[in-house]
Amino acid sequence: MASRSGMKCFPIKDVLSLLSQRVSVVAVILEYSFPKTTRGTDYCCVLRIVDQSHHETGMAVNLFSLTADKLPHVAEAGDVIHLCNVSVRSFDGEYNLVYSKAFSSFALYQGKDSDDLVPYQVSSKYQRTNEDRICIHELRKWRVNFQPNDGRQEFRLFKEIKEGDHVNLACKILHFGEVAKDEWFIYVWDGTDAPPNTIRSKLEDEMNCPLPLQLESLALPRDLYCTFPTVGSILRITFDGSIDKSHFHLLDNVKLKWIKLVNMRLEVHAGLWRGFFTPFTKFRYTPAEDNLILTRKRLSDERMSRRFEINYLGCVPGPSTVTVVTVDCHCAPHVTLMEALTNNQVTAKFKCVVRVVAALPCQPEMLRSPAGIYRMRLTLEDATARIHAYVFAKDGETLFGGYPDTDSLSKKLNKLLGVTEGGATSDKRNPPWVSVCLESYYLNKDDTWGTRHFRVSSTKVAEEA
C-alpha cells in the first residue's frame with residue numbers, strides 16, 4: 001500500500017521493528033488530548049492509536065505544529081486517522097510516532113462504518129491512494145466490534161475520589177460551556193455521591209469572604225440547572241491555563257454522552273470538589289456498548305429510580321440526633337438540595353439531610369437583633385448542591401429552643417457547625433449531617449423565581465445535643 005512518498009502503510013505491530021524510519025499508518029484514535037504549548041514556540045498534542053494488529057495498549061503519537069489550528073481537531077475518540085511520513089522513535093522504553101511539522105501529513109475520518117470517505121480535516125501535504133481507502137474501510141469494519149482493553153487502568157466512581165488524586169473517570173457529560181469570560185467548565189456525573197470534605201474556612205470570615213455556593217463566578221441559568229440529575233454529585237471540571245482553548249468547541253460532540261476521562265487531577269476548593277483538565281488529561285475511546293459504561297448506566301438508573309427511598313442518600317451515613325424536625329413537617333417530601341432547587345413550585349416545603357457549613361453571624365450574641373428577633377443566614381450543603389437558607393424570628397425560636405443564654409446558644413450553634421467542644425471557630429470542621437425542614441418563598445410577586453429564597457423552619461436543635 002503505497003502513499004504519496006512511496007512509503008508502505010504499515011500495521012502498528014510492524015512499526016515496532018522500524019525504529020528511526022519514516023512510515024505511514026492508518027489507525028483508530030484510542031485517546032486524545034487537547035493542544036498545549038511547548039517550551040518553545042510550537043503547539044503539540046498527544047494521541048494513542050490502535051489497529052487490528054496492536055490493540056492491547058496501542059501506540060502514542062506526538063504531533064507538533066506552529067499553530068494549534070494545524071493540529072488534528074479530533075471530533076471524537078474512536079475516529080480514524082491516516083498518518084503519513086511520521087518517524088518511529090523510542091522514549092522511556094516505549095515506541096512512539098513523531099509527527100513533524102516540516103514533512104508529515106494527516107487526515108481525520110469519522111470512525112463509524114460507512115462508504116463516506118471524505119475526511120473532516122486534512123493537512124496541507126496530505127494525499128490518499130486507493131490502497132489507503134481500502135485500509136480505512138477495513139479498519140472501520142474492525143472498529144464496529146472493538147472493545148478497548150482498559151488493562152490496569154482503574155476508573156473510579158465519584159464516591160471513591162480523594163483530594164490530590166490523578167484519576168480516571170467514567171461519567172456522563174451534562175453540560176460544557178463558558179459561564180463567564182474565559183471561565184470554562186465541564187459538568188460531569190456518574191450517579192454517586194462525592195465524599196464530603198473538611199471545611200477549612202474560618203467562621204468569622206463569612207461576612208467578608210463567604211463560602212461560595214458553586215465554583216463558577218456566575219450561577220448557571222435556572223432552565224439549564226433544571227435539566228441536571230437531582231441525585232448524585234455533579235463534578236465541575238475546569239482547565240489548566242496551558243491548554244489551548246481553540247479546540248473547546250469539540251466538547252459539544254460529547255454533551256449528554258457517557259465518556260472516559262484519563263488522568264484527571266482533583267482538588268478541593270472551599271470544601272467543593274474541583275476537577276482539572278490538564279495537558280496530560282485525555283479522552284478515551286468509549287464505544288456505545290462499552291461494558292464499564294453499561295454498568296455505570298445501570299447503577300445510576302437504579303439510583304434515580306429509588307431516589308425517594310430513605311437510602312437514596314448514598315454516601316450520607318444518615319442524619320445525626322443533633323436536630324429534630326417537628327411534627328408539622330413530617331408530611332413534607334424527603335429530597336436532596338438539588339431537588340429543592342429545581343422544584344417547579346416557587347413555594348414549597350421539604351425535608352433534607354444536610355451539613356451546616358457556615359453561619360452569618362457566627363457569634364451567638366449577634367444572632368438576634370437589638371429588638372431580640374432572630375436573624376441569620378446558614379450555608380447548607382449535601383452531595384448535590386450548596387445553598388443559603390435563612391432563619392428568622394419564630395423559626396429561630398424553634399431552632400434554638402426559645403431564648404437561651406449566650407453560653408447555651410453557643411453550644412447549640414457549635415454543634416450544628418461541627419465546632420468541637422472548646423474548639424476555636426478557625427478549627428477545621430466536619431459538620432454533622434442533620435435533618436432540617438426547608439421552605440421556599442419569594443420576595444417579589446413580579447419576579448417569583450428571581451427572588452426565590454429558602455428558610456429553615458420546623459427544625460429544633462435537640463436538648464441533648
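**Figure 1. Contacts of valine 25 in the predicted model.** Valine 25 touches Cys9, Phe10, Ile12, Val15, Ile49, Ile81, His82, Leu83 and Leu97, leaving aside residues up to four places away in sequence. The model shown here and in the other views is predicted. Valine 25 lies in strand β1, which covers residues 22–32. The relative accessible area of valine 25 is 0%. Because buried means under 20% relative accessible area, valine 25 counts as buried.

**Figure 2. Valine 25 and valine 346.** These two valines are 321 residues apart along the chain. Their C-alpha atoms are separated by 59 Å. Valine 25, at one end of this distance, belongs to strand β1.

**Figure 3. The annotated domain, residues 9–144.** An unreviewed UniProt entry lists residues 9–144 as "domain: Telomeric single stranded DNA binding POT1/Cdc13". Over this range the chain is 13% helix and 43% strand.

**Figure 4. The salt bridge between arginine 377 and glutamate 206.** Side chains of opposite charge can pair when their charged atoms come close. Here the side chains of arginine 377 and glutamate 206 meet in a salt bridge, with a distance of 3.1 Å from N to O. The pair links distant parts of the chain, 171 residues apart. Arginine 377 is in strand β18 (residues 375–381), whereas glutamate 206 is in the loop between β11 (183–189) and α3 (222–225). Are the two partners buried or exposed? Arginine 377 is buried, with a relative accessible area of 16%. Glutamate 206 is also buried, at 3% relative accessibility.

**Figure 5. Glutamate 267 with arginine 265 and arginine 274.** The side chain of glutamate 267 meets that of arginine 265 in a salt bridge of 3.3 Å, N to O. Glutamate 267 also forms a salt bridge with the side chain of arginine 274, at 3.4 Å, N to O. Glutamate 267 has a relative accessibility of 25% and counts as partly exposed. Arginine 265, at 22%, is partly exposed as well. Arginine 274 has a relative accessibility of 19%. Because the cut-off for buried is under 20%, arginine 274 counts as buried.

Figure 6. The structure holds 23 salt bridges.

Note on methods
Residues numbered from 1 in each chain as written. Predicted model: local features only at pLDDT ≥ 70, side-chain atom pairs only at ≥ 80, totals over all residues. Heavy atoms only, no water. UniProt positions renumbered as here; feature names shortened; annotations may be inferred. Helix = DSSP H or I, 4+ residues; strand = E, 2+ residues; numbered from the N terminus. Salt bridge = Lys/Arg side-chain N within 4 Å of Asp/Glu carboxyl O. Buried < 20%, exposed > 50% of the residue type's maximum accessible area, 1.4 Å probe, protein only. Contact = heavy atoms within 4.5 Å.
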